[in-house]
Amino acid sequence: MKMMGESWAELGSRIAGLMFVWATIQQFFPHQLRAYLDKLSDKLLGIVYPFVQITVHEYTGGRRNEVYAAIENYLGAKSTAQARRLKADMVKNSKSFVLSLDKSEEVTDEFRGVKLWWVLKESVRSPTTFSLYRSAPDEKKYYMLSFHRKNRDIVAGAYLSYVMEEGKALELKNRQRKLYTNKPNDSWGWEGKHLWNHIVFEHPATFQTLAMDPKKKQEIIDDLIAFGKSKEYYAKIGKAWKRGYLLYGPPGTGKSTMIAAMANFLNYDVYDLELTSVKNNSDLRKLLVDTSSKSIIVIEDIDCSLDLTGKRKKKKKGKSGEEEQNDPLEAKEEENEGDDGSKVTLSGLLNFIDGIWSACGPERIIIFTTNHKDKLDPALIRRGRMDMHIEMSYCKFEAFKVLAKNYLDVDSHPLFETVGRLLEETSMSPCDVAENLIPKTASKEVETCLNNLVEALNKAKETARSNAEKEAKTKKVSARRYGHWMKMIGKLRRKNED
Ligand SMILES: Nc1ncnc2c1ncn2[C@@H]1O[C@H](COP(=O)(O)OP(=O)(O)OP(=O)(O)O)[C@@H](O)[C@H]1O
């Protein structure tokens, strides 16, 4: 049995054939009669066949058509529910196989009350065409969309854009994400291409498994959601669509885990930029330009990557005490060279974040991590550059509950109260808490694991107390010595005065 759209498509092609014959015969009619017959045939055609068809071919100009790929994705979900015959393919860069319509299958769609029919068609490529596009296969596949001509505007305008957007979003959702690391400059490819190595990004961290204060976590999630939806807003205010996050806190508090959770949440790629292997500001710019949108660019331990503090050139004081401009050449040299031999400078990095080059692709996030926020130049982390400063702190009770759920699959236990009290009395990173929750023996009993943690927390508390005592003692001794020396100096002064 023929389907609705397919029958219309067939009827359409038959009518097209008739129209061709009609057009050939018309050549022999006088001019006035031809114009009249043209009008008449248009009217007749409108009555017999009120449908319009749009075809989208898989290959155009020898390349795979992006629109075709988007339609394939868009129809994939609908096809699963409607079509009798489906095709399963493993698509490049996709994490799962993709279901799509098989040949001559039809899918019905509805958009703002308008009914539409999609059919996948296939014809054999003619030998001449094939020789032109050797990379394309023998079969010529195309989607045919049929709809009533009264809906022409809505389909050509809103519907097709909607299909493209949805198809691209689905492609993004199904694709395999990547973790990029920058190659050393001497192994960059021809014409400065292939500047990054990549592997598949498969980090399991999510916001659900991230141990931190739930209120703070929700704030970050809300911020990310708002960012993802702010395309129009950024365009309206005339700012590049990007956002900066500074993650700071002691080692093992989850800064890297947070980045992985963010990337998984947004479905973004991650570019892990190792600043110490970047030769100069110009290479830094090239690396930035070679990143894609929907990505997170990370510079971990920014304070250790380069000595970025105080690199900004201060203006020299002139004799009059007024500030003078530096010699332009000297300024340029100093601008281009750091103290540690590396030539990436603070100003280069600032340009990287918010210079004109940083707007070369939309929807990007830049993250810096550090264990020492106070060591960073304020210019680098001021609001607007690093829009949100996120402190990753030592483990408190709320964060512990997440870890207990992750590692022991428990929501409560009589020992929770003791753990909560001890976490208030001592500082232990989530990394160390997690480490102590992992069963050390064959026994995987919750009680044993929690007791291990209590023991570790008591030990940490004791170590902290004795360290504090030692420090206080050292300070007391220093103060005594200081008093003694001050007395001696006083005595000598008095003697000299006498
Ligand atoms: N907040 C957290 N939530 C869940 N797991 C955590 C958290 N913090 C640390 N961990 C665990 O500890 C390990 C180390 O944490 P992570 O590397 O994210 O810390 P970091 O702050 O980036 O440390 P560093 O400053 O040393 O790079 C992670 O693999 C994770 O298993």
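Two residues are in contact if their C-beta atoms, placed from the backbone, lie within 7 Å. This is a predicted model: local features need pLDDT of at least 70, side-chain atom pairs count only at pLDDT 80 or more, and totals for chains, interfaces and linings use all residues. Numbering starts from 1 along each chain as its sequence is written.

**Stop one: asparagine 371.** Select Asn371, in the loop between β16 (364–370) and α13 (378–381). Helices (H or I, at least four residues) and strands (E, at least two) are DSSP runs, numbered from the N terminus. Leaving aside neighbours within four places in sequence, asparagine 371 is in contact with Pro250, Pro251 and Asp301. Now show the C-alpha atoms of asparagine 371 and proline 251: they are separated by 6.5 Å, yet 120 residues apart along the chain.

**Stop two: valine 298.** Select Val298 next. Not counting residues up to four places away in sequence, valine 298 touches Ile259, Val270, Tyr271, Asp272, Leu273 and Ile367.

**Stop three: two helices.** Select helix α16 (residues 430–437) and helix α17 (residues 446–497). They pack at an angle of about 135°, with axes 8 Å apart. Axes are lines fitted to C-alpha atoms, for helices over the stretch in contact, and angles run from 0 to 180 degrees between N-to-C directions. Show the side chains at the contact: Val433, Asn436 and Leu437 of α16, and Cys449, Asn452, Leu453 and Ala456 of α17. By class, this contact has five nonpolar, two polar and no charged residues. Here Ala, Val, Leu, Ile, Met, Phe, Trp, Tyr, Cys and Pro count as nonpolar, Asp, Glu, Lys and Arg as charged, and the others, Gly among them, as polar.
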